[in-house]
Amino acid sequence: MQKRNKMDITSYHQKYFRPSCFKALNLRFDSWEFYSLFSEKTHDQIKLPPELTRTSEDTLLNYFSVLREAENMGGRSCGTVGQVRTPFPIAYNFLSKEYQNKLSYDEYFNSFAGIGHTSLIKLCRVPDGKRGIKFFYEIETIEGFKGKRAEYFGYSYGFIQLIHEKEGYRISDLSKFEEDFLCAPYHGWDHDGEAVVEV
């Protein structure tokens, strides 16, 4: 794939991977060269470049930019999707050491079962009562289901907490709630991620 400039990747991504009108925020790595630095390495052999985790916001934008091209669809007949599984061990290194001790690499990888593409569409720092670093996020994913020949769009939201470690900022906790498109319109604000944040 030829390298595209920033404007090109944005319009390409918007045209082919997006149904919603929110612009994707995770468009930082637009070529295979970045992924090739890590392609033959396991998660425990990877050391992230320090510039990826200098600030808490950079950490999250880079984390989701890596995951944008990650695919864990199981059997797929149309060929290679994105950067296939190469992004997962890279992304795992954005987690803090303590979080990695609670969530093994295999559990982390399996949490993406059925997902073939991820777009970060909202990222907002929110107050944390413990004076920590906390963000609200929303993602749009392209998902495949067993026995189906087509993929579908899914939305999830949640909160991410970060801490500063010796090597930079790392994710110390992450919650994820799948958007419920039937209960939300019928049953009110408690099913609406934006309303939860406002409350």
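Start with the largest nonpolar core, which has 35 residues; select Tyr63, Leu67, Ile90, Tyr108 and Ile171, the ones with the most contacts inside it. Such a core is a set of buried Ala, Val, Leu, Ile, Met, Phe, Trp, Tyr and Cys residues joined through side-chain atoms within 4.5 Å, where buried means under 20% relative accessible area with a 1.4 Å probe, protein chains only. Elements giving two or more residues to this core include helix H3 (56-68), helix H4 (87-92) and strand E1 (115-126). H3 gives the most, with six residues.

This is a predicted model, in which local features need pLDDT of at least 70 and side-chain atom pairs count only at pLDDT 80 or more, while totals for chains, interfaces and linings use all residues. Residues are numbered from 1 along each chain as its sequence is written, and side-chain values use heavy atoms, without hydrogens and water.

Next, select Leu67. Leaving out residues up to four places away in sequence, Leu67 touches Phe88, Ala91, Tyr108, Phe112 and Thr118 (contact: heavy atoms within 4.5 Å).

Move to Ser96, in the loop between H4 and helix H5 (97-102). Ser96 counts as buried because its relative accessibility is 1%. A polar atom of the Ser96 side chain lies 3.1 Å from the backbone nitrogen of Tyr99. With residues up to four places away in sequence not counted, Ser96 touches Ile163, Glu165, Arg170, Ile171 and Ser172.

Finally, colour the chain by secondary structure: eight helices and five strands, taken as DSSP runs (helices H or I, at least four residues; strands E, at least two) numbered from the N terminus. Buried residues make up 45% of the 199 residues in the chain.

Methods: Buried < 20%, exposed > 50% of the residue type's maximum accessible area, 1.4 Å probe, protein only. Polar contact = N/O pair within 3.5 Å; in protein donor to acceptor, adjacent residues only side chain to side chain.
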